[in-house]
Amino acid sequence: MNKFITKFLILFFILTNNIIAEENIMILKLKDGDIKIELFEEVAPNHVKRIKQLAKDGKYDGVVFHRVIDGFMAQTGDVQFGNSSNDQFDLKRAGMGGSDLPDLKEEFSDLPHERGTLSMARSQDPNSANSQFFICFKEASFLDRQYTVFGKVIEGMEIVDKIKRGDQNNNGSVSNPDKIISFK
């Protein structure tokens, strides 16, 4: 009987861990394919909760990558002015908006900004992250402990590398930008 209970507990533990792990995996679908992202709920619980909520509500679907700087990062997530499928879409204002939810308090950590890192965009106020985020094309250690890292690309970085780049002379502004098809 003890062997049965032990096997049951081991199986339960394995299944529970897999379910928890799956809850923190999301798929960002772009025109060139799917990007698999692991969210770091233990490190940035409030930011992960916000990303999941906005994604669940479909707020990221149709949002453009409004600022893309080659060799640095691709920024998206302005659900107010950057959503190409709603009536407030304004490419000139994309990057200035957020969601109708309150801004988040920073959750800085020691996780580095390396290739594939997802981090929240914000203004100069550390507690101003809302819906916008960026994906690093390469290491950007100068951002460490100043922006909230909430996830990492675990598959599909070659798709991230295909995101249309912006104008280097205009802070990475992108004309006719790529957009998120879905984020689930």
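Colleague: Which backbone oxygen does the side chain of asparagine 83 reach?

Modeller: First, a word on the basis: this is a predicted model, in which local features need pLDDT of at least 70 and side-chain atom pairs count only at pLDDT 80 or more, while totals for chains, interfaces and linings use all residues. Residues are numbered from 1 along each chain as its sequence is written, and side-chain values use heavy atoms, with hydrogens and water left out. A polar contact is a pair of N or O atoms within 3.5 Å; within protein, one must be able to donate a hydrogen and the other to accept it, and residues adjacent in sequence count only if both atoms are side-chain atoms. Here the side chain of asparagine 83 reaches the backbone oxygen of aspartate 61 at 3.3 Å.

Colleague: Is asparagine 83 buried or exposed, and where is asparagine 83 found?

Modeller: Buried means under 20% relative accessible area, exposed over 50%, and partly exposed in between (1.4 Å probe, protein chains only). Asparagine 83 has 6% relative accessibility and therefore counts as buried, and it is found in the loop between strand E4 (73–76) and E5; helices (H or I, at least four residues) and strands (E, at least two) are DSSP runs, numbered from the N terminus. Its contacts (heavy atoms within 4.5 Å), leaving aside neighbours within four places in sequence, are with Lys59, Asp61, Gly62, Val63, Asp78 and Phe89.

Colleague: Which backbone oxygens lie by the side chain of arginine 165?

Modeller: The side chain of arginine 165 reaches the backbone oxygen of isoleucine 163 at 2.7 Å, and a polar atom of that side chain lies 2.9 Å from the backbone oxygen of aspartate 161. Arginine 165 lies in the loop between helix H3 (157–160) and strand E8 (182–183), and counts as partly exposed because its relative accessibility is 25%.

Colleague: Turning to a helix, which residues of H2 are buried, and why do they line one face?

Modeller: The buried residues of H2 are His47, Val48, Arg50, Ile51, Leu54 and Ala55. Seen down the axis of H2, these buried residues fall within an arc of 160°, so they line one face of the helix, the arc being that of the directions from the helix axis to the C-beta atoms. The face turned away from the buried side carries the exposed residues Lys49 and Lys56. Among the elements that the buried residues of H2 pack against are strand E1 (25–30) and strand E2 (33–39). Just after H2, glycine 58 takes a positive phi of about 75°.
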